[in-house]
Amino acid sequence: MSELLNDVKKAVILRAQESDLAINEQVITESAQLGLQLNQRRKELDIDLATLELQTGVSASTLKRLFKDPEQVKFGTVLRVAEALGVKLCAAV
């Protein structure tokens, strides 16, 4: 099982690098915007919920809640998903 997870992680990293997507830095003023941005990034990377679930250990139902309203899930979960999708939540000052 861990070999499968490692393969999934490698595939996601490669897809992100190959797609050469630029993430626009945006100021997020509402939590729903963060959920939308994370879901959009997931779709840009062509990652389905089952794959993201395997990669992060976060259930598909929790991922759906996160994408709809991140306030419904623990912040650590948001961080884990954002990291998996290559989205930085903080900018260097």
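This is a predicted model: local features need pLDDT of at least 70, side-chain atom pairs count only at pLDDT 80 or more; totals for chains, interfaces and linings use all residues.
Helix α2, residues 31-44, packs against helix α4, residues 60-68, at an angle of about 125°, and the largest nonpolar core has 19 residues.

**Packing of α2 with α4**
- The axes of α2 and α4 lie 6 Å apart at an angle of about 125°, and the two helices are therefore oblique to each other.
- On the α2 side the contact is made by A32, G35, L36, L38, N39 and R42, which meet L66, F67 and K68 in α4; the residues of this contact divide into 5 nonpolar, 2 polar and 2 charged.
- Leaving aside residues up to four places away in sequence, F67 touches G35, L36, L38, N39 and R42, together with L49, L52 and V81.

**The largest nonpolar core**
- Among the 19 residues of the largest nonpolar core, those with the most contacts inside it are L38, L52, L63, L66, F67, V81 and L85.
- At least two residues of this core come from each of α1 (2-19), α2, α3 (49-56), α4 and α5, and α5 gives the most, with 5 residues.
- As general background, nonpolar side chains in soluble globular proteins tend to be buried together.

**T77 in α5**
- T77 is placed in helix α5, which spans residues 75-85, and T77 counts as buried because its relative accessible area, 11%, is under the 20% cut-off.
- When residues up to four places away in sequence are not counted, T77 touches V58, T62 and L66; of these, L66 is also one of the α4 residues that α2 meets.

Note on methods: Residues are numbered from 1 along each chain as its sequence is written. Side-chain values use heavy atoms; hydrogens and water are left out. Axes are lines fitted to C-alpha atoms, for helices over the stretch in contact, and angles run from 0 to 180 degrees between N-to-C directions. Helices (H or I, at least four residues) and strands (E, at least two) are DSSP runs, numbered from the N terminus. Angles under 35 degrees count as roughly parallel, over 145 as roughly antiparallel, 65 to 115 as roughly perpendicular and the rest as oblique. Contact means heavy atoms within 4.5 Å. Ala, Val, Leu, Ile, Met, Phe, Trp, Tyr, Cys and Pro count as nonpolar, Asp, Glu, Lys and Arg as charged, and the others, Gly among them, as polar. Buried means under 20% relative accessible area, exposed over 50%, partly exposed in between (1.4 Å probe, protein chains only). A nonpolar core is a set of buried Ala, Val, Leu, Ile, Met, Phe, Trp, Tyr and Cys residues joined through side-chain atoms within 4.5 Å.
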